[in-house]
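Work through the two exercises below with the model open. Each has a task sentence and a stepwise solution.

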Amino acid sequence: MSDADTIRQWWRTSIIDMEPGRIAFRGHAVEDLIGNVSFPQMIWLMTRGGLPSAQEAALLEAALVAGVDHGPQAPSIAAARMAATCGVGLNNVMATAVNMLGDVHGGAGEQCAELYYDIAARDAPLEQAVQDGLAAWRSKYGKIVSGFGHRFHKPVDPRAPRLMALVRGAASAGTVSGRFAEIGEAVQQEIGQQRGTPIAMNIDGATAVIFCELGFPPPLARGLFCLSRSVGALAHGWEQMQQGGRNKGPMPSAFLPHYEGDPE
């Protein structure tokens with residue numbers, strides 16, 4: 001292999017083919033994509049390959065729209081706004097928010113998608129598969145099941161029923177199977193029965209249904225949510241910059257944290 005070939009093989013990609021005067025994404029010239037595909041379709045093309053139907057793209061778009069923001073009480077957005085008062089640029093503000101989207105806050109869709117796929121793969125009736133899947137989940141992650149329950153929205157997360165209705169409509173139209181909608185609702189019902197009170201399916205649980213229905217692997221569920229929530233981080237960071245303020249902390253300066261260490 002020549003030195004030139006060795007250098008070209010250093011980074012190998014099926015995503016973009018580019019040279020001076022030409023850009024193609026997975027075999028599609030950029031000038032053919034511009035103005036002809038939607039942003040959700042472009043996301044699909046870049047992450048999965050191929051172009052989704054308009055109906056598949058619309059369902060993906062619904063999930064992305066639902067997750068854009070949850071206000072400054074969400075740790076990631078609060079941190080983004082604090083970062084905006086520290087003299088950094090909008091890219092740093094957005095990165096601050098995205099870097100906080102972990103298993104507990106915002107990234108739970110990945111774990112929820114893992115649960116749904118595990119239940120779907122079990123050779124058992126749905127009710128038994130759900131019970132076994134939840135038991136396996138809890139043995140690995142603990143009693144709290146990602147995608148269900150919400151510290152703020154009780155008993156209903158207003159985003160979830162709308163998303164689930166769209167999935168049901170897409171299933172009726174033949175766009176998706178509807179299998180993961182059934183799994184998600186069965187998990188919600190089983191958790192509610194086990195705890196003795198109803199539990200909300202939250203944004204992670206509902207978007208995980210959509211991502212699974214569309215065939216996205218679990219790690220992409222997290223990435224897609226981060227992509228969605230970055231819009232909220234951008235909006236809040238920009239708003240905070242317009243409002244001004246310098247070095248704003250997590251609470252007004254007139255209030256101090258409670259000290260519980262040794263007395264002076």
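**Exercise 1.** Describe how α6 packs against α12.

Step 1. Helix α6 (residues 90-98) and α12 have axes 8 Å apart, at an angle of about 130 degrees. Axes are lines fitted to C-alpha atoms over the stretch in contact, and angles run from 0 to 180 degrees between N-to-C directions. Helices are DSSP runs (H or I, at least four residues), numbered from the N terminus.

Step 2. The pair is therefore oblique, a class left over once angles under 35 (roughly parallel), over 145 (roughly antiparallel) and 65 to 115 degrees (roughly perpendicular) are taken out.

Step 3. From α6 the contact (heavy atoms within 4.5 Å) uses Leu90, Val93, Met94, Ala97 and Val98; from α12 it uses Cys226, Ser230, Ala233, Leu234, Gly237, Trp238 and Met241.

Step 4. By class, this contact has ten nonpolar, two polar and no charged residues. Ala, Val, Leu, Ile, Met, Phe, Trp, Tyr, Cys and Pro count as nonpolar, Asp, Glu, Lys and Arg as charged, and the others, Gly among them, as polar.

The model is predicted: local features need pLDDT of at least 70, side-chain atom pairs count only at pLDDT 80 or more, and totals for chains, interfaces and linings use all residues. Numbering starts from 1 along each chain as its sequence is written, and side-chain values use heavy atoms, without hydrogens and water.

**Exercise 2.** Find which helices supply the lining of the largest cavity.

Step 1. The lining consists of Ala63, Leu64, Gly67, Thr207, Phe211, Leu224, Phe225 and Ser228.

Step 2. At least two residues each come from α4 (54-66), α11 (203-213) and α12 (218-243).

Step 3. α12 gives the largest share, three residues.

Notes. 1 Å grid on protein atoms, 1.4 Å probe; cavity = no way out; pocket = protein on both sides within 12 Å on 5 of 7 lines; lining within 4 Å.
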